[in-house]
Amino acid sequence: NTISVIGLGYIGLPTAAVIASRRKKVIGVDVNQHAVDTINRGDIHIVEPELDIVVHAAVKEGYLRATTEPEPADAFLIAVPTPFKAENGNDHVPDLSYIEAASKNIAPVLKKGDLVILESTSPVGATEQMAAWLAEARSDLTFPQTHGEDSDIRVAHCPERVLPGHVVRELVENDRVIGGMTAKCSEAATKLYKIFVEGECITTTARTAEMAKLTENSFRDVNIAFANELSIICDKLDINVWELIRLANRHPRVNILQPGPGVGGHCIAVDPWFIVSETPEEARLIRTAREVNDGKPQWVIGKVNEAVGKFLSHHPDKTAKDVTIACFGLAFKPDIDDLRESPALKIAENIVSRHPGRVLLVEPNIAELPKGKAVGGNLADQQQALEIADVVVLLVDHKPFKSIPSTRVKIDYLVDSRGVWEVR
Ligand code: SAJ
(Lines give C-alpha, C1' and ligand atoms only; values in the text may rest on other atoms or scores of the structure.)
Protein backbone atom coordinates (compact mmCIF):
# COMPACT_ATOMS: atom_id res chain seq x y z
CA ASN A 1 0.00 0.00 0.00
CA THR A 2 1.27 3.43 -0.93
CA ILE A 3 0.48 6.51 1.13
CA SER A 4 0.75 9.99 -0.29
CA VAL A 5 1.20 13.04 1.94
CA ILE A 6 0.23 16.35 0.35
CA GLY A 7 2.05 19.31 1.89
CA LEU A 8 5.51 18.65 3.39
CA GLY A 9 5.56 21.31 6.09
CA TYR A 10 5.67 21.17 9.86
CA ILE A 11 3.02 18.45 10.00
CA GLY A 12 3.17 16.73 6.62
CA LEU A 13 6.90 16.02 6.59
CA PRO A 14 7.11 14.46 10.08
CA THR A 15 3.97 12.42 9.35
CA ALA A 16 5.34 11.19 6.02
CA ALA A 17 8.69 10.30 7.61
CA VAL A 18 7.17 8.51 10.59
CA ILE A 19 4.90 6.40 8.33
CA ALA A 20 7.90 5.62 6.11
CA SER A 21 9.86 4.59 9.21
CA ARG A 22 7.23 1.84 9.62
CA ARG A 23 8.37 0.48 6.25
CA LYS A 24 5.46 1.79 4.21
CA LYS A 25 5.99 3.38 0.83
CA VAL A 26 5.32 7.11 1.14
CA ILE A 27 5.17 9.68 -1.66
CA GLY A 28 5.42 13.23 -0.35
CA VAL A 29 4.02 15.98 -2.56
CA ASP A 30 4.79 19.68 -2.25
CA VAL A 31 4.61 22.65 -4.61
CA ASN A 32 7.93 23.91 -3.23
CA GLN A 33 10.72 22.51 -5.46
CA HIS A 34 13.38 23.46 -2.90
CA ALA A 35 11.60 21.44 -0.18
CA VAL A 36 11.24 18.47 -2.54
CA ASP A 37 14.92 18.54 -3.53
CA THR A 38 16.06 18.94 0.07
CA ILE A 39 13.99 15.96 1.24
CA ASN A 40 15.14 13.76 -1.66
CA ARG A 41 18.71 14.43 -0.52
CA GLY A 42 17.71 13.13 2.90
CA ASP A 43 17.77 16.58 4.49
CA ILE A 44 15.04 18.77 5.96
CA HIS A 45 13.96 22.34 5.19
CA ILE A 46 12.27 23.01 8.55
CA VAL A 47 13.47 22.95 12.15
CA GLU A 48 12.14 20.21 14.40
CA PRO A 49 14.15 18.09 16.86
CA GLU A 50 14.87 14.49 15.74
CA LEU A 51 13.13 15.00 12.40
CA ASP A 52 16.38 15.09 10.42
CA ILE A 53 17.33 11.57 11.54
CA VAL A 54 13.91 10.09 10.72
CA VAL A 55 13.76 11.75 7.28
CA HIS A 56 17.33 10.83 6.46
CA ALA A 57 16.76 7.15 7.27
CA ALA A 58 13.39 7.01 5.45
CA VAL A 59 14.85 8.48 2.26
CA LYS A 60 18.03 6.41 2.41
CA GLU A 61 16.10 3.17 2.84
CA GLY A 62 13.87 4.08 -0.10
CA TYR A 63 10.55 4.35 1.73
CA LEU A 64 10.14 8.12 1.38
CA ARG A 65 10.33 10.06 -1.86
CA ALA A 66 9.21 13.62 -2.58
CA THR A 67 7.79 15.07 -5.80
CA THR A 68 5.96 18.18 -6.98
CA GLU A 69 3.29 16.27 -8.93
CA PRO A 70 0.78 13.90 -7.27
CA GLU A 71 1.03 10.23 -8.22
CA PRO A 72 -1.47 7.39 -7.72
CA ALA A 73 -1.57 6.03 -4.14
CA ASP A 74 -4.02 4.17 -1.92
CA ALA A 75 -4.37 6.86 0.71
CA PHE A 76 -3.90 10.63 0.51
CA LEU A 77 -3.18 12.66 3.59
CA ILE A 78 -3.65 16.38 3.12
CA ALA A 79 -1.59 18.61 5.42
CA VAL A 80 -1.62 22.05 3.81
CA PRO A 81 -1.92 25.43 5.55
CA THR A 82 -5.32 26.89 6.49
CA PRO A 83 -4.63 30.54 7.30
CA PHE A 84 -7.28 33.22 7.57
CA LYS A 85 -7.94 36.07 5.17
CA ALA A 86 -9.84 39.36 5.16
CA GLU A 87 -13.17 39.28 3.32
CA ASN A 88 -16.24 41.55 3.29
CA GLY A 89 -15.07 43.60 6.24
CA ASN A 90 -14.27 40.51 8.28
CA ASP A 91 -10.54 40.17 9.01
CA HIS A 92 -10.54 36.53 10.07
CA VAL A 93 -12.25 34.38 7.45
CA PRO A 94 -10.76 30.87 7.01
CA ASP A 95 -8.85 30.57 3.75
CA LEU A 96 -9.48 27.12 2.24
CA SER A 97 -7.68 27.84 -1.03
CA TYR A 98 -4.79 25.48 -0.20
CA ILE A 99 -7.22 22.63 0.50
CA GLU A 100 -9.07 23.42 -2.74
CA ALA A 101 -5.81 23.41 -4.71
CA ALA A 102 -4.69 20.13 -3.10
CA SER A 103 -8.08 18.48 -3.85
CA LYS A 104 -7.96 19.54 -7.49
CA ASN A 105 -4.37 18.36 -7.68
CA ILE A 106 -4.98 14.83 -6.42
CA ALA A 107 -8.39 14.32 -8.10
CA PRO A 108 -6.92 13.13 -11.44
CA VAL A 109 -4.92 10.31 -9.79
CA LEU A 110 -7.73 9.03 -7.51
CA LYS A 111 -9.05 5.51 -8.10
CA LYS A 112 -11.85 3.37 -6.65
CA GLY A 113 -11.10 2.32 -3.08
CA ASP A 114 -8.83 5.26 -2.24
CA LEU A 115 -8.92 7.08 1.09
CA VAL A 116 -8.56 10.88 1.38
CA ILE A 117 -7.82 12.34 4.81
CA LEU A 118 -7.81 16.03 5.68
CA GLU A 119 -5.31 16.71 8.48
CA SER A 120 -5.16 20.50 8.23
CA THR A 121 -6.89 22.37 11.04
CA SER A 122 -10.15 23.40 9.41
CA PRO A 123 -13.41 25.22 10.06
CA VAL A 124 -16.47 23.05 10.58
CA GLY A 125 -17.73 21.83 7.18
CA ALA A 126 -14.32 21.92 5.43
CA THR A 127 -14.12 18.13 5.01
CA GLU A 128 -17.54 18.06 3.30
CA GLN A 129 -16.38 20.95 1.13
CA MET A 130 -13.22 19.05 0.22
CA ALA A 131 -15.30 15.99 -0.73
CA ALA A 132 -17.47 18.26 -2.90
CA TRP A 133 -14.39 19.62 -4.71
CA LEU A 134 -13.16 16.07 -5.31
CA ALA A 135 -16.57 14.98 -6.62
CA GLU A 136 -16.73 17.97 -8.92
CA ALA A 137 -13.39 17.00 -10.46
CA ARG A 138 -14.20 13.27 -10.77
CA SER A 139 -17.76 12.57 -11.91
CA ASP A 140 -16.70 8.99 -12.77
CA LEU A 141 -16.16 8.16 -9.06
CA THR A 142 -18.67 8.16 -6.17
CA PHE A 143 -18.16 9.99 -2.85
CA PRO A 144 -19.66 9.61 0.65
CA GLN A 145 -21.85 12.73 0.49
CA THR A 146 -23.95 11.12 -2.26
CA HIS A 147 -23.27 7.38 -1.94
CA GLY A 148 -22.72 6.94 1.80
CA GLU A 149 -21.13 3.62 2.78
CA ASP A 150 -21.09 2.44 -0.85
CA SER A 151 -18.90 5.26 -2.13
CA ASP A 152 -15.79 4.54 -4.21
CA ILE A 153 -13.73 7.04 -2.22
CA ARG A 154 -13.52 7.25 1.58
CA VAL A 155 -13.13 10.68 3.17
CA ALA A 156 -12.21 11.61 6.76
CA HIS A 157 -10.91 14.47 8.90
CA CYS A 158 -8.14 13.57 11.36
CA PRO A 159 -6.74 16.78 12.83
CA GLU A 160 -3.08 16.90 13.80
CA ARG A 161 -2.50 17.94 17.42
CA VAL A 162 1.27 17.68 17.90
CA LEU A 163 3.27 20.25 19.84
CA PRO A 164 6.02 21.97 17.82
CA GLY A 165 9.34 20.91 19.33
CA HIS A 166 7.96 17.48 20.26
CA VAL A 167 6.37 16.50 16.95
CA VAL A 168 8.16 13.20 16.34
CA ARG A 169 7.23 11.85 19.78
CA GLU A 170 3.70 13.28 19.94
CA LEU A 171 2.83 12.00 16.44
CA VAL A 172 3.25 8.49 17.77
CA GLU A 173 2.07 8.89 21.36
CA ASN A 174 -0.94 11.22 21.13
CA ASP A 175 -4.51 9.92 20.82
CA ARG A 176 -6.13 10.68 17.45
CA VAL A 177 -9.64 11.90 16.77
CA ILE A 178 -10.82 10.29 13.54
CA GLY A 179 -13.84 11.85 11.89
CA GLY A 180 -15.01 9.84 8.90
CA MET A 181 -17.83 11.06 6.65
CA THR A 182 -19.29 7.55 7.19
CA ALA A 183 -18.45 4.70 9.58
CA LYS A 184 -16.49 2.91 6.86
CA CYS A 185 -14.49 6.07 6.21
CA SER A 186 -13.56 6.18 9.92
CA GLU A 187 -12.64 2.52 9.81
CA ALA A 188 -10.35 2.97 6.82
CA ALA A 189 -8.67 5.99 8.37
CA THR A 190 -8.20 4.21 11.71
CA LYS A 191 -6.44 1.38 9.91
CA LEU A 192 -4.01 3.86 8.41
CA TYR A 193 -3.23 5.67 11.69
CA LYS A 194 -2.73 2.34 13.47
CA ILE A 195 0.41 1.95 11.33
CA PHE A 196 2.23 4.49 13.51
CA VAL A 197 -0.03 5.78 16.30
CA GLU A 198 0.47 4.17 19.69
CA GLY A 199 -2.19 6.36 21.31
CA GLU A 200 -5.87 5.58 21.02
CA CYS A 201 -7.76 6.21 17.75
CA ILE A 202 -11.25 7.47 18.61
CA THR A 203 -13.85 7.76 15.88
CA THR A 204 -16.54 10.41 15.43
CA THR A 205 -18.07 12.47 12.62
CA ALA A 206 -16.02 14.77 10.40
CA ARG A 207 -17.75 17.88 11.77
CA THR A 208 -17.15 16.90 15.39
CA ALA A 209 -13.50 16.14 14.63
CA GLU A 210 -13.13 19.59 13.03
CA MET A 211 -14.71 21.26 16.03
CA ALA A 212 -12.65 19.16 18.49
CA LYS A 213 -9.40 20.51 17.11
CA LEU A 214 -10.64 24.12 17.14
CA THR A 215 -11.91 23.60 20.67
CA GLU A 216 -8.56 22.32 21.97
CA ASN A 217 -6.69 25.38 20.76
CA SER A 218 -9.47 27.78 21.81
CA PHE A 219 -9.41 26.25 25.29
CA ARG A 220 -5.72 27.03 25.54
CA ASP A 221 -6.16 30.51 24.09
CA VAL A 222 -8.93 31.38 26.55
CA ASN A 223 -6.85 30.11 29.46
CA ILE A 224 -3.75 32.04 28.37
CA ALA A 225 -5.94 35.14 27.96
CA PHE A 226 -7.10 34.70 31.56
CA ALA A 227 -3.46 34.67 32.70
CA ASN A 228 -2.59 37.65 30.49
CA GLU A 229 -5.53 39.66 31.78
CA LEU A 230 -4.54 38.84 35.35
CA SER A 231 -1.02 40.13 34.68
CA ILE A 232 -2.41 43.48 33.54
CA ILE A 233 -4.77 43.70 36.52
CA CYS A 234 -1.98 42.80 38.97
CA ASP A 235 0.36 45.36 37.45
CA LYS A 236 -2.25 48.02 38.17
CA LEU A 237 -2.77 46.73 41.73
CA ASP A 238 0.98 46.36 42.38
CA ILE A 239 0.80 42.61 42.96
CA ASN A 240 3.34 40.10 41.64
CA VAL A 241 1.20 38.05 39.24
CA TRP A 242 3.55 35.05 39.24
CA GLU A 243 3.42 34.74 42.98
CA LEU A 244 -0.35 35.21 42.82
CA ILE A 245 -0.76 32.41 40.25
CA ARG A 246 1.50 30.06 42.22
CA LEU A 247 -0.65 30.64 45.29
CA ALA A 248 -4.00 30.31 43.50
CA ASN A 249 -2.79 27.11 41.82
CA ARG A 250 -2.39 25.55 45.28
CA HIS A 251 -6.18 25.17 45.18
CA PRO A 252 -7.00 21.62 44.05
CA ARG A 253 -9.30 22.75 41.24
CA VAL A 254 -7.40 25.80 39.98
CA ASN A 255 -4.72 25.58 37.29
CA ILE A 256 -3.92 28.98 35.81
CA LEU A 257 -1.50 29.16 32.87
CA GLN A 258 1.40 31.59 32.59
CA PRO A 259 1.15 35.19 31.37
CA GLY A 260 3.50 36.22 28.59
CA PRO A 261 4.10 38.84 25.90
CA GLY A 262 1.19 37.48 23.81
CA VAL A 263 0.27 34.29 21.98
CA GLY A 264 2.34 33.22 18.98
CA GLY A 265 2.71 30.31 16.62
CA HIS A 266 0.44 29.28 13.78
CA CYS A 267 -2.28 27.52 15.66
CA ILE A 268 -3.55 29.02 18.87
CA ALA A 269 -3.66 32.55 17.50
CA VAL A 270 -5.52 31.38 14.38
CA ASP A 271 -7.87 28.50 15.13
CA PRO A 272 -10.25 30.28 17.54
CA TRP A 273 -11.09 32.69 14.71
CA PHE A 274 -12.47 29.73 12.73
CA ILE A 275 -15.11 29.34 15.43
CA VAL A 276 -15.72 33.08 15.73
CA SER A 277 -16.12 33.57 12.00
CA GLU A 278 -18.77 30.79 11.80
CA THR A 279 -20.73 31.86 14.88
CA PRO A 280 -19.87 35.51 15.56
CA GLU A 281 -22.90 36.17 17.78
CA GLU A 282 -22.35 33.17 20.02
CA ALA A 283 -18.55 33.00 20.32
CA ARG A 284 -18.18 36.01 22.62
CA LEU A 285 -15.69 34.66 25.14
CA ILE A 286 -13.53 33.06 22.44
CA ARG A 287 -13.37 36.33 20.50
CA THR A 288 -12.53 38.36 23.61
CA ALA A 289 -9.73 35.94 24.51
CA ARG A 290 -8.21 36.46 21.06
CA GLU A 291 -8.42 40.22 21.52
CA VAL A 292 -6.86 40.08 25.00
CA ASN A 293 -3.94 37.96 23.75
CA ASP A 294 -3.45 40.02 20.58
CA GLY A 295 -3.38 43.20 22.69
CA LYS A 296 -0.65 41.97 25.03
CA PRO A 297 2.40 42.90 22.85
CA GLN A 298 1.21 46.52 22.73
CA TRP A 299 0.84 46.53 26.52
CA VAL A 300 4.43 45.25 26.92
CA ILE A 301 5.65 47.98 24.54
CA GLY A 302 3.90 50.53 26.78
CA LYS A 303 5.75 49.07 29.79
CA VAL A 304 9.08 49.40 27.97
CA ASN A 305 8.32 53.07 27.25
CA GLU A 306 7.51 53.55 30.94
CA ALA A 307 10.80 51.93 31.97
CA VAL A 308 12.75 54.20 29.59
CA GLY A 309 10.87 57.19 31.04
CA LYS A 310 11.72 56.10 34.56
CA PHE A 311 15.39 55.66 33.67
CA LEU A 312 15.52 59.14 32.15
CA SER A 313 13.83 60.72 35.16
CA HIS A 314 16.62 59.23 37.33
CA HIS A 315 19.31 60.34 34.85
CA PRO A 316 18.43 63.95 33.94
CA ASP A 317 21.71 64.38 32.06
CA LYS A 318 20.66 61.75 29.47
CA THR A 319 18.20 61.67 26.58
CA ALA A 320 16.42 58.68 24.99
CA LYS A 321 19.28 58.49 22.47
CA ASP A 322 21.64 57.54 25.31
CA VAL A 323 19.46 54.70 26.61
CA THR A 324 20.45 51.13 25.68
CA ILE A 325 17.61 48.58 25.70
CA ALA A 326 18.29 44.83 25.68
CA CYS A 327 15.56 42.40 24.56
CA PHE A 328 15.96 38.83 25.78
CA GLY A 329 14.31 36.25 23.51
CA LEU A 330 12.70 36.53 20.07
CA ALA A 331 11.18 33.06 19.53
CA PHE A 332 7.44 32.42 19.85
CA LYS A 333 7.94 30.20 22.89
CA PRO A 334 10.76 28.92 25.12
CA ASP A 335 13.66 26.80 23.92
CA ILE A 336 12.86 26.74 20.23
CA ASP A 337 14.32 28.70 17.33
CA ASP A 338 10.98 29.40 15.65
CA LEU A 339 10.41 33.12 15.15
CA ARG A 340 7.23 32.76 13.08
CA GLU A 341 4.26 34.71 14.43
CA SER A 342 6.26 35.56 17.52
CA PRO A 343 4.93 38.28 19.82
CA ALA A 344 8.48 38.67 21.21
CA LEU A 345 9.80 39.42 17.73
CA LYS A 346 6.94 41.84 17.14
CA ILE A 347 7.78 43.72 20.34
CA ALA A 348 11.50 43.76 19.50
CA GLU A 349 10.77 45.09 16.01
CA ASN A 350 8.63 47.84 17.45
CA ILE A 351 11.36 48.85 19.92
CA VAL A 352 14.05 48.79 17.21
CA SER A 353 11.97 50.94 14.86
CA ARG A 354 10.99 53.55 17.47
CA HIS A 355 13.80 53.76 20.02
CA PRO A 356 16.41 56.38 19.07
CA GLY A 357 19.12 54.71 21.18
CA ARG A 358 20.83 51.35 20.97
CA VAL A 359 18.80 48.11 21.06
CA LEU A 360 20.53 44.79 21.80
CA LEU A 361 18.78 41.56 20.80
CA VAL A 362 19.64 38.32 22.55
CA GLU A 363 18.35 35.00 21.16
CA PRO A 364 20.52 32.02 22.11
CA ASN A 365 18.57 29.60 19.87
CA ILE A 366 19.50 31.17 16.55
CA ALA A 367 22.83 31.92 14.92
CA GLU A 368 21.74 35.03 13.04
CA LEU A 369 18.76 37.31 12.65
CA PRO A 370 16.32 36.52 9.86
CA LYS A 371 16.85 38.54 6.71
CA GLY A 372 14.26 41.04 5.55
CA LYS A 373 12.96 41.71 9.05
CA ALA A 374 12.89 45.08 10.77
CA VAL A 375 15.38 43.76 13.31
CA GLY A 376 18.61 43.75 11.31
CA GLY A 377 22.15 43.59 12.60
CA ASN A 378 23.91 41.15 14.84
CA LEU A 379 22.65 39.32 17.85
CA ALA A 380 24.10 40.38 21.16
CA ASP A 381 25.86 38.25 23.70
CA GLN A 382 23.73 37.57 26.77
CA GLN A 383 26.34 38.51 29.40
CA GLN A 384 27.42 41.60 27.58
CA ALA A 385 23.85 42.76 27.02
CA LEU A 386 23.14 42.45 30.74
CA GLU A 387 26.20 44.50 31.59
CA ILE A 388 25.64 47.40 29.22
CA ALA A 389 21.84 47.65 29.00
CA ASP A 390 20.05 50.42 30.87
CA VAL A 391 16.62 48.86 30.35
CA VAL A 392 16.21 45.07 30.23
CA VAL A 393 13.18 43.47 28.52
CA LEU A 394 12.60 39.75 29.09
CA LEU A 395 10.37 38.35 26.34
CA VAL A 396 10.90 34.56 26.31
CA ASP A 397 11.68 32.27 29.25
CA HIS A 398 14.49 30.36 27.52
CA LYS A 399 16.51 28.06 29.82
CA PRO A 400 19.79 30.07 29.57
CA PHE A 401 17.92 33.17 30.84
CA LYS A 402 16.40 31.27 33.76
CA SER A 403 19.86 30.30 34.94
CA ILE A 404 20.93 33.95 35.26
CA PRO A 405 20.42 35.04 38.89
CA SER A 406 18.05 38.00 39.18
CA THR A 407 20.70 39.79 41.26
CA ARG A 408 22.60 40.27 37.99
CA VAL A 409 19.68 42.06 36.34
CA LYS A 410 19.06 45.81 36.71
CA ILE A 411 15.78 45.37 38.48
CA ASP A 412 14.78 49.07 38.52
CA TYR A 413 14.50 49.18 34.75
CA LEU A 414 13.25 45.69 34.02
CA VAL A 415 10.19 44.68 31.99
CA ASP A 416 9.79 40.98 32.65
CA SER A 417 6.90 39.65 30.55
CA ARG A 418 7.56 36.08 31.73
CA GLY A 419 8.34 36.44 35.40
CA VAL A 420 11.81 34.94 35.04
CA TRP A 421 13.78 37.55 36.96
CA GLU A 422 10.95 39.22 38.84
CA VAL A 423 9.91 36.20 40.90
CA ARG A 424 13.11 35.45 42.78
N1 SAJ B 1 1.76 30.51 26.04
C2 SAJ B 1 1.65 31.41 27.09
N3 SAJ B 1 1.38 30.95 28.35
C4 SAJ B 1 1.22 29.62 28.61
C5 SAJ B 1 1.32 28.69 27.52
C6 SAJ B 1 1.60 29.18 26.26
O7 SAJ B 1 1.78 32.63 26.90
O8 SAJ B 1 0.99 29.27 29.77
C9 SAJ B 1 2.07 31.00 24.67
C10 SAJ B 1 3.40 30.50 24.10
O11 SAJ B 1 4.48 31.27 24.54
C12 SAJ B 1 3.16 30.61 22.63
C13 SAJ B 1 1.67 30.32 22.49
O14 SAJ B 1 1.12 30.50 23.78
O15 SAJ B 1 3.42 31.92 22.16
C16 SAJ B 1 1.33 28.92 22.00
O17 SAJ B 1 2.22 27.95 22.55
P18 SAJ B 1 1.78 26.50 22.99
O19 SAJ B 1 2.97 25.80 23.47
O20 SAJ B 1 0.62 26.58 23.91
O21 SAJ B 1 1.19 25.82 21.68
P22 SAJ B 1 1.68 25.62 20.15
O23 SAJ B 1 1.12 26.73 19.33
O24 SAJ B 1 3.13 25.37 20.07
O25 SAJ B 1 0.91 24.24 19.80
C26 SAJ B 1 -0.51 24.15 19.99
C27 SAJ B 1 -0.82 22.88 20.80
N28 SAJ B 1 -2.20 22.91 21.23
C29 SAJ B 1 -2.57 22.73 22.53
O30 SAJ B 1 -1.77 22.58 23.43
C31 SAJ B 1 -4.03 22.72 22.84
C32 SAJ B 1 -0.55 21.64 19.96
O33 SAJ B 1 -0.93 20.48 20.65
C34 SAJ B 1 -1.30 21.73 18.63
O35 SAJ B 1 -1.05 20.61 17.81
C36 SAJ B 1 -0.80 22.97 17.90
O37 SAJ B 1 -1.13 24.11 18.71
C38 SAJ B 1 -1.46 23.01 16.53
O39 SAJ B 1 -0.80 22.66 15.56
O40 SAJ B 1 -2.65 23.33 16.44
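The ligand sits between two domains, because domain 1 (2–204) and domain 2 (260–416) both give residues to the shell around the ligand. Those bounds come from an automatic or database domain assignment. A word on the model. It is predicted: local features need pLDDT of at least 70, side-chain atom pairs count only at pLDDT 80 or more, and totals for chains, interfaces and linings use all residues. Residues are numbered from 1 along each chain as its sequence is written.

Back to the ligand. How many residues surround the ligand? There are 20, and the closest are Leu 257, Gly 260, Gly 264, Gly 265 and Cys 267. Near here means a C-beta atom, placed from the backbone, within 6 Å of the molecule or strand. By class, the shell has nine nonpolar, six polar and five charged residues. For the classes: Ala, Val, Leu, Ile, Met, Phe, Trp, Tyr, Cys and Pro count as nonpolar, Asp, Glu, Lys and Arg as charged, and the others, Gly among them, as polar.

Now the two domains. Their centres, taken over C-alpha atoms, are 35 Å apart. 12 residues of domain 1 are in contact with 12 residues of domain 2. Contact means C-beta atoms, placed from the backbone, within 7 Å. Which element gives the most to the domain 1 side? Strand 6 (residues 90–94) does, with four residues. That side of domain 1 has eight nonpolar, four polar and no charged residues.

Next, helix packing. Helices (H or I, at least four residues) and strands (E, at least two) are DSSP runs, numbered from the N terminus. Axes are lines fitted to C-alpha atoms, for helices over the stretch in contact, and angles run from 0 to 180 degrees between N-to-C directions.

Start with helix 1 (residues 12–21) and helix 3 (residues 51–60). Their axes come within 9 Å and cross at roughly 55°. Helix 1 and helix 3 are therefore oblique to each other. The cut-offs: under 35 degrees is roughly parallel, over 145 roughly antiparallel, 65 to 115 roughly perpendicular, and the rest oblique. The crossing of helix 1 and helix 3 is left-handed. Left-handed means the near helix is turned anticlockwise from the far one by less than a right angle; clockwise is right-handed. On helix 1, the contact uses Leu 13, Pro 14, Ala 17, Val 18, Ala 20 and Ser 21. They meet Leu 51, Val 54, Val 55, Ala 57 and Ala 58 of helix 3. The tally is 10 nonpolar, one polar and no charged.

Then helix 4 (residues 97–106) and helix 5 (residues 126–137). Their axes come within 9 Å, crossing at roughly 35°. This crossing is right-handed. Helix 4 brings Ile 99, Glu 100, Ser 103 and Lys 104, and helix 5 brings Ala 126, Met 130, Trp 133, Leu 134 and Ala 137. That contact divides into six nonpolar, one polar and two charged.

Last pair: helix 12 (residues 284–314) and helix 13 (residues 343–354). They pack at about 40°, axes 10 Å apart. Helix 12 and helix 13 are therefore oblique. Their crossing is right-handed. Lys 296, Pro 297, Val 300, Ile 301 and Val 304 of helix 12 meet Pro 343, Lys 346, Ile 347, Asn 350 and Ile 351 of helix 13. By class, that is seven nonpolar, one polar and two charged.

Conventions:
Two residues are in contact if their C-beta atoms, placed from the backbone, lie within 7 Å.
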